Amino acid sequence: MSGGPLRPEDLHKIAEDVEMAKLREAMAHTRKADEEADELRQAFLNAELRPNVMELLNSAIRRTAEQNRNELMVMSFPAGYCTDGGRRINNADADWPESLQGRAKRGYDFYQQNLKELGYKLYARVLDYPGGMPGTVGLFLKW
């Protein structure tokens, strides 16, 4: 191609090369996003509750009560972090806590051990439905 006119097949090859470069870039971006999402999920699954969780919770509950409210969202996470993708929570199944994993499960266990006997209630609710599927789950403490 030195000096002569570009042939149609040369132009097709140029366009194809540009499209392939765009595709490689998009795939690399998707791979990076997937890796970051997996890291977040692993962090959520492995996260422990803070040692001062009761102090933080008491402060948050007090502020909420001062606003004349009787419930507090204590945690939110993607529905995909549940073993069933949030299906049991979405359907209000009685066994929804069995679908919790990681930090959410530890939060539920903390509630069972420290707050339930005091009269607090804990419930979960799907907060949004991107693409018609459960998206974000909120865990709410109610009194």
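Contact here means heavy atoms within 4.5 Å. The model is predicted, so local features need pLDDT of at least 70 and side-chain atom pairs count only at pLDDT 80 or more, while totals for chains, interfaces and linings use all residues. Residues are numbered from 1 along each chain as its sequence is written, and side-chain values use heavy atoms, leaving out hydrogens and water.

**Phe110**

- Phe110 touches Leu49, Val53, Met54, Leu57 and Leu115, with residues up to four places away in sequence not counted.
- Helix 4 (residues 102-114) holds Phe110; helices are DSSP runs of H or I with at least four residues, numbered from the N terminus.
- Phe110 has a relative accessible area of 15% and is buried (buried: under 20%; exposed: over 50%; partly exposed: in between; 1.4 Å probe, protein chains only).
- Between the C-alpha atoms of Phe110 and Asp84, 26 residues apart along the chain, the separation is 22 Å.

**Surface patches**

- Patches consist of residues with over 30% relative accessible area and no salt bridge, joining like charges within 9 Å and nonpolar side chains (Val, Leu, Ile, Met, Phe, Trp, Tyr) within 5 Å.
- A salt bridge is a side-chain nitrogen of Lys or Arg within 4 Å of a carboxyl oxygen of Asp or Glu.
- Leu6, Leu11, Ile14 and Val18 form a nonpolar surface patch of about 340 Å².
- Ile14 is in helix 1 and is partly exposed, at a relative accessible area of 41%.
- A surface patch of negative charge brings together Asp34, Glu35, Asp38 and Glu39.
- Asp38 belongs to helix 1 (residues 8-46) and is partly exposed, with a relative accessible area of 42%.

Note on methods: Accessible areas come from the Shrake-Rupley method with a 1.4 Å probe; for residues, only the protein chains shown count as cover. Lys and Arg count as positive and Asp and Glu as negative; His and the chain ends are not counted. The place of a charge is taken as NZ of Lys, CZ of Arg, CG of Asp or CD of Glu. Helices (H or I, at least four residues) and strands (E, at least two) are DSSP runs, numbered from the N terminus.
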